[in-house]
Amino acid sequence: MTRRYWNINLEEMMEAGVHFGHGTKKWNPRMAPYIAAKRKGKHITNLIRTARFLAEACDLIFDAASEKKQFLIVGTKKKNRAADSVASAAIRARCHYVNKKWLGGMLTNWSTTETKLKKFRDLRVAQTTGRLNHLPKREAAIVKRQLSRLQTYLGGIKYMTELPDIVIIVDQQEDQKALRECITLGIPTISLIDTNSDPDLADFPIPANDDSIASIRFILNKLVYAICEGRSSSKNNSGSKGRFSSIRNR
């Protein structure tokens, strides 16, 4: 695999606050190799290591995208409008996403999720074609509430027809359920890990501030760019296999 240049600038990372960790009393000792210093009661993440891990994740994502693999981006944190950033990044890269609430069994109980998605699609068709207008008022109100709920929790995966090939998790602590389901199913994960996280859980951890919206956007923008670049290159490399194939089958 050829290493690529992803324009990961340390000064821009500092401006985005990627290096700021949690208070020293709220840390996970397993994060020690990724911490550069303590400052004013907070841990400071080693940005050299962050840049390296982010570049490796971009390389992996580029290869996966060039092989036409499917991505799911998960980020349900409400703080600092992080969920909005997840949705916009996913839409930009034509990825599936979950940004409101992770419903237990969304992946591990995929057959049930498929049933819900089919119902969601059927209700959307009924709404689009005006069939809901012919229902009694009370029944129509119930159906519209169901449709609204399905849109809220499944709207980001409405076009997902099978399990994703790789899952990007914006906040490992917030979305532990999603991470655990990926581990159970053997789905590779790329996860932002703050200083209170366990770096051994994700396949490809990226040490970074997962509380700052600027930090989250910085990381997501790099990953999304790698996805878009990989998809663009797939037309010219239809017969080649990148690093992702060997990782997925390890």
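At what angle do helix α2 (residues 47-66) and helix α7 (residues 213-233) pack, and how far apart are their axes? In this predicted model, the two helices meet at an angle of about 30°, and 7 Å separates their axes. The crossing of α2 past α7 is right-handed. On the α2 side, the residues in contact are Leu-54, Ala-57, Cys-58, Ile-61, Phe-62, Ala-65 and Ser-66. Their counterparts in α7 are Phe-218, Ile-219, Lys-222, Leu-223, Ala-226, Ile-227, Glu-229, Gly-230, Arg-231 and Ser-233. Sorted by class, this contact comprises 11 nonpolar, three polar and three charged residues.

The largest nonpolar core holds 43 residues, and the members that touch the most others are Ile-73, Ile-190 and Leu-223. Two or more residues come from each of the helices α2, α3 (82-92) and α7, and likewise from each of the strands β4 (71-74), β6 (166-169), β7 (189-193) and β8 (204-207). Helix α2 is the leading contributor, giving 11 residues to this core. Setting aside neighbours within four places in sequence, Ile-190 is in contact with Ala-57, Leu-60 and Ile-61, with Ile-166, Val-167, Ile-168 and Ile-169, and with Phe-204, Ile-206 and Leu-223.

Three strands form an open sheet in the order β1-β3-β2, and their pairing is antiparallel. At the edges lie β1 (20-23) and β2 (35-39), each of which pairs on one side only. On average, neighbouring strands here are turned by 30° against each other, direction ignored. Strand β3 (residues 42-45) is joined to β2 by four bridges, and the two run antiparallel. Within this pairing, Thr-45 of β3 is the bridge partner of Ile-35.

Not counting residues up to four places away in sequence, His-19 touches Met-13 and Met-14, together with His-43, Ile-44, Thr-45 and Leu-47.

Methods: Residues are numbered from 1 along each chain as its sequence is written. This is a predicted model: local features need pLDDT of at least 70, side-chain atom pairs count only at pLDDT 80 or more; totals for chains, interfaces and linings use all residues. Side-chain values use heavy atoms; hydrogens and water are left out. Axes are lines fitted to C-alpha atoms, for helices over the stretch in contact, and angles run from 0 to 180 degrees between N-to-C directions. A crossing is left-handed if the near helix is turned anticlockwise from the far one by less than a right angle, and right-handed if clockwise. Contact means heavy atoms within 4.5 Å. Ala, Val, Leu, Ile, Met, Phe, Trp, Tyr, Cys and Pro count as nonpolar, Asp, Glu, Lys and Arg as charged, and the others, Gly among them, as polar. A nonpolar core is a set of buried Ala, Val, Leu, Ile, Met, Phe, Trp, Tyr and Cys residues joined through side-chain atoms within 4.5 Å. Buried means under 20% relative accessible area, exposed over 50%, partly exposed in between (1.4 Å probe, protein chains only). Two strands pair if DSSP finds at least two bridges between them.
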